[in-house]
Amino acid sequence: MSIVKPMNQNEDSYGRFRDFEVDGIVLDEDTSYSMLISTIAEQLMIDTSEKIVEIKYIVNQNCPQMEIRNNMGVSVYMETKKENKNLGSYPLLISVRDFNMELAITNENTNAGSSGTIQLLDMPASPVIEEYQSEIITEGTQSVIEEGQVYQDKQTIATAMRHYSVMHKFQFRIKRSSHRRHGDINCEKTFINKNCNWHFKATSINDSAMFKIRSFNRQHTCTLMDDTFIHRKRTAVVVGSMVMPKYCDPKTIYTPKDIQTNMLSQHGVNLSYMQAWRAKEKALQLLRVVKLKKTTDECVLYAFVALFTSISGWKYCRPVVVVEGTFLKTSYRGIMLTTSTMDAAGAILPLAYAVVDSENDASWKWFFEQFKQAYGERTSICVVSNRNESILKATSIVYPGVPHYSCVWHIWTNIRAKFKKGHLQLNELYFATTGSYTLDEFNERISKIEEIDLRVKSYLYDIGYHRWSRVHATVNRTWTMTSNIAKSLNAVTKEARELLTFDLLEYMRTLLERLTKEKLLKAKGTFTYLGYKSNKELEKNSTLSQKLRVRASIDHMHTVIDGVKRYIVCFESKKCSCGQFQLDELPCPHTLAGLRHRNETYENFCSPYYTRESQLRTYEIPVNPLPDESKWNVPQHICDEVVNPPTGEKKQP
């Protein structure tokens, strides 16, 4: 099949190749998508760690370009190619996307066997991107905010407004907000005596993550008073976020006095020394949250660490917090507590870790208090654990109302130990019950469990169906049904748990430094819209969808026939009667069949937590290397602090 090849590696100022010739590649019939990408990248000498390769082809002049984005797309292309094996038929049109630039290399003459020149074109972007591409704002430190500006996401525009309020010395309040609107924002004086006309409103563009300023009245009709501004705690947060880059290198000396001077000279904001000091403390907290609790005789009791990389990255992951405790092997004993979650690729993102004296009510409560200070509380947050009583108590106090789910594997090990009768028959049935997508499926399977051993059903009922059943859960935790990711993290740190506390904490930091780099590189080398795990699931569903028949009912609702069974798919509510679409937040086979019938793609029907973009954003902030201890700039009050080893009785060697 024909492709294009750069004759040299010269690039213009936009990073676009010059001088091309047509070339060809040979592929096996069972070629995978990743193999096709690798072959093209090698032939065209494209660095896939820096560029994203997109593949399209034209079946005929009356059809739009077909895009190859997964293994199914490759299979369709290979079947199409079999019908016309001429060398020049169906040439692959390769585009390379680098940052926000789109390149398209296409054959000027698509006739079979042509050896014509190669034409360099700008690929048309989607309507949203095409309209606003040159205006998208990616930083939240804008000195000028105007109606019509477009920001890359809600977080950026929220940061920009906080920065704007500091620069102009006033406070605002958000009247209403949602995932699609940044809310109606008014000057704080409006809520006091209704006498200020300052107003701001921004909403998302179509279904994208981008936000546009729809209306902005910048004129205040109130009297702005600095004294109300300077006493608000938000000042430290905003200024701290602005000066945070100054503290990325531990060798940097940047004092509160420096903050005062620079904020006045650069932004015209006059801060008190205490405000500048609080801003410095907030900046250091943003980079890393480290908390230490000591006994009355200055001995270590608890130590907690959360790195800014994880704090920032968590915003792009589903808010499912998996917690676990594991024994340390040092002479002082102790326990390491960890929290982690799952990223867009289905891999582990460690969130926070701590060393405590023992796994008890007090230590878990302290741990969750520090976690809440670092991460806050998000909509639909939930906790998954092994049903440790201290964890249950701590979360109910620190996170009241937040659902607490049980690891289904932990429950199974208890069932196997408590109820010997019929556990071989129950194994597969139990896990099928936990993963049921509909109440009918669940009820049918729980009845079968009852037939095998009534005691097991009673045991599961006493735990609470909502704690271990997917369909009964009050918050959607999708595929995080076990605490296995926490146990995997424990396995990685097995040898490190023999280290003393300081060395263990440093080991965890270097581990996160390495993992962040590796996962970012892997995300850059991903060429699918979704991350690895969800893309594999989508490919499986796509294969299953091929045998299904579709009958349209109304515009947004279709009937999908699978053998003798019928399923109803509603695209408006993103639901399917099989339950899988809404609980996995990924198109099920019936949904994909309906999309194919409607000639629509799947991208708008997947959770944003599964996308390659979310994976890139999760790891966009690196864990900075730590220089030699002799180069550290340690504040005097830290140097003066006395920290003795734990008081616990040392384990004899």
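Colleague: Which strands make up the open sheet, and in what order?
Modeller: The open sheet has four strands, in the order β21-β22-β23-β24, and the pairing is antiparallel. This is a predicted model.

Colleague: What holds strands like that together?
Modeller: Strands of a sheet pair through backbone hydrogen bonds, either parallel or antiparallel.

Colleague: Which are the edge strands?
Modeller: β21, residues 549–554, and β24, residues 575–576. Each of them pairs on one side only.

Colleague: How many bridges join β23 and β24?
Modeller: Two bridges, in the antiparallel sense. β23 covers residues 565–570.

Colleague: And what is the bridge partner of Cys570?
Modeller: Lys575, in β24.

Colleague: Which helix lies across those strands?
Modeller: Helix α22, residues 589–598. It lies across β21, β22, β23 and β24. Its direction is at about 120 degrees to β22, which spans 557–562.

Colleague: Where is the nearest cysteine sulfur to Cys588?
Modeller: It belongs to Cys578, 3.8 Å away. Cys588 is in no disulfide.

Colleague: Is Cys588 buried or exposed?
Modeller: Buried, at 0% relative accessibility. Cys317 is buried as well, with a relative accessible area of 1%.

Colleague: Now the rings. How many aromatic pairs are there?
Modeller: A search of the whole structure finds 26. Take Phe371 and Tyr375: their ring centres are 4.5 Å apart and their planes are at 20 degrees, so the pair is stacked.

Colleague: Where do Phe371 and Tyr375 lie?
Modeller: Both are in helix α11, residues 361–375. They are four residues apart, about one turn of the helix.

Colleague: Are those two buried or exposed?
Modeller: Phe371 is buried, and Tyr375 is too.

Colleague: Which residues do ring pairs link into a cluster?
Modeller: Trp409, Trp412, Tyr430, Phe431, Phe442, Tyr461, Tyr465 and Trp468.

Colleague: What about charges? Which ring does the charged end of Lys372 sit over?
Modeller: The ring of Tyr399. The charged end is 5.1 Å from the ring centre.

Colleague: And which residue's face does Arg378 lie over?
Modeller: Arg378 lies over the face of Trp314, at 4.6 Å from the ring centre.

Technical notes: Residues numbered from 1 in each chain as written. Predicted model: local features only at pLDDT ≥ 70, side-chain atom pairs only at ≥ 80, totals over all residues. Heavy atoms only, no water. Phe/Tyr/Trp six-rings, centres within 6.5 Å; stacked < 30°, edge-to-face > 60°. Buried < 20%, exposed > 50% of the residue type's maximum accessible area, 1.4 Å probe, protein only. Lys NZ or Arg CZ within 6 Å of the ring centre and 35° of its normal. Disulfide = S-S within 2.5 Å. Pairing = 2+ DSSP bridges. Contact = heavy atoms within 4.5 Å. Axes fitted to C-alpha atoms, helices over the stretch in contact; angles between N-to-C directions.
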